[in-house]
Structure formats: C-alpha cells, structure tokens
Amino acid sequence: MADEDTIVLSFGDSLLTKSDLNLLSGPHWINDKIIGFCFEYFEREQFSHSADRLALLTPSVTQLIRFASVQDLSILLEPLHLPSKEYVFVPINDHSDTESAGGSHWSLMVYVRSRQEFQHFDASRGFNKGVARKLMDKLQPFVQAPRGKLKFVEMDCPQQKNGYDCGMYVLSMAEHLIKEFCECVSIGVSEVVNELSVQRKRTQLHDLILEVAASDNNELKEDQSSS
C-alpha cells in the first residue's frame with residue numbers, strides 16, 4: 001500500500017501518486033487527479049501559446065462550483081479571469097458527495113464566447129445532461145454571458161464502447177477542441193477521437209507523466225549542484 005502512495009509527480013497544483021499513474025495502465029476509470037494534471041499541462045505547457053484565450057477548470061474547481069454559494073463562487077472564480085476568456089473548459093462528474101472523490105461518469109462542457117454557447121460533449125450521450133445544465137446556470141454570471149442569448153447545446157461527439165473510458169474521452173476531446181479553436185485545425189473531433197485513439201492516449205499520457213517527472217527531477221538535481 002505504501003508503494004501505491006509514492007508520489008511520482010508534482011506539477012503546479014497537481015500531485016500524482018503511483019496508484020494514480022497505474023489507472024492509465026489498464027482498463028480503469030481515471031480519477032480527478034489525472035484529469036486535473038492533464039488540464040494544467042494543456043494550459044501551462046502544451047497550449048501556453050493560447051493561455052490568454054483559454055480557461056481549463058480542474059475537476060476540483062468544477063465540484064466546488066456545483067455546490068458553492070454565489071459569494072464563495074466569486075472568491076473562487078475571480079482569479080481565473082473568466083470574462084476575458086474565449087473558451088472555458090469544464091470537466092463534469094456526476095458525483096454528488098462534496099466530501100469525497102468518486103462518481104460514475106465524466107463529460108466535457110465548453111463555453112464558446114463567440115457563439116454564446118455552452119457546448120456539452122458526452123461520450124455517453126445524455127448521461128450528464130442534467131448536471132451540465134445546472135453547472136451552466138451557476139457559471140453564466142461569472143463568464144458574463146448574456147442570459148437571453150445563451151444556449152446549451154448537446155454536441156454530437158464520439159461515443160465510448162465501455163464503462164471506463166469516459167475520462168479519457170474527455171481528455172482526448174478537450175485536446176482536439178483546443179487545436180480546433182486555437183491552432184486552426186479543421187478536422188472535427190468525431191473524425192479524430194475514437195476507441196483506438198483513446199487507448200493510444202492512455203499510453204501517451206502515462207509516458208508524459210513519467211517524462212515530466214524525470215525532467216523535474218533533473219532540474220532539481222541541477223539546482224542543488226549549482227547552489
């Protein structure tokens with residue numbers, strides 16, 4: 001058990017243990033910490049060229065939004081500068097307990113300012129629709145979207161074929177949508193994300209975590225040797 005709790009990566013606000021990393025090695029449902037790391041990596045590294053246009057909320061922030069008061073939401077969301085963002089990515093979990101991690105399904109909601117839409121991408125279509133709509137209502141004043149024109153759109157998107165890949169679909173769809181929005185990629189998400197690409201993404205993400213961890217360790221050793 002102690003070995004499972006070994007920290008393999010500290011990155012921004014993300015702290016991953018060996019047990020988190022192991023979720024990527026087999027047919028497992030990925031947790032909020034894996035998704036949180038990936039969203040941080042997108043924003044800080046992979047898509048840093050568009051960080052001023054993007055906000056990628058972590059699962060922990062999303063859960064706080066679901067259950068926080070308006071006053072607490074103002075304190076939580078003000079530092080994120082959501083009114084200035086063109087795209088706000090929101091990972092959605094159906095878990096209803098604020099005191100613990102869990103849930104049974106992940107989906108992705110994206111606020112697209114130019115269209116005044118909250119677009120919901122659910123790899124098990126309709127499963128998280130109710131949760132997503134309630135989140136839209138909570139977020140609407142904080143992204144400063146005009147309520148009279150605001151739309152909720154259930155998007156056509158790739159559909160999972162098992163009960164555990166929903167989180168990987170969220171990560172794969174989010175990555176591709178950012179490329180569409182910010183890198184002028186013209187291929188639609190349904191043409192790129194599929195069962196095979198999601199399985200490859202598991203391996204790629206596992207390797208990325210180890211690569212970032214190794215890079216951080218090397219930087220730490222260099223700092224220690226020069227001090």
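This is a predicted model: local features need pLDDT of at least 70, side-chain atom pairs count only at pLDDT 80 or more; totals for chains, interfaces and linings use all residues.
Residues are numbered from 1 along each chain as its sequence is written, and side-chain values use heavy atoms, with hydrogens and water left out.

A search of the whole structure finds nine aromatic pairs. Rings of Phe, Tyr and Trp (its six-membered ring) pair if their centres lie within 6.5 Å; planes under 30 degrees apart count as stacked, over 60 as edge-to-face and the rest as tilted. Take Phe-37 and Tyr-41: their ring centres are 6.0 Å apart and their planes meet at 40°, so this pair is tilted. Both residues sit in helix α2, residues 32–46, four residues apart, which is about one turn. Helices here are DSSP runs (H or I, at least four residues), numbered from the N terminus.

Are Phe-37 and Tyr-41 buried or exposed? Both are buried, meaning under 20% relative accessible area with a 1.4 Å probe, protein chains only.

Helix α2 also holds Phe-39 and Phe-42, three residues apart and separated by about one helical turn. Their rings form a tilted pair too, 6.2 Å centre to centre with 35° between the planes. Phe-39 counts as buried at 0% relative accessibility, and Phe-42 does at 3%.

Finally, ring pairs link Phe-11, Phe-37 and Tyr-41 into a cluster. Over the face of Phe-11 lies Arg-44, 5.0 Å from the ring centre; the cut-offs for that are CZ of Arg within 6 Å of the ring centre and within 35 degrees of the ring normal.

Technical notes:
Helices (H or I, at least four residues) and strands (E, at least two) are DSSP runs, numbered from the N terminus. Buried means under 20% relative accessible area, exposed over 50%, partly exposed in between (1.4 Å probe, protein chains only).
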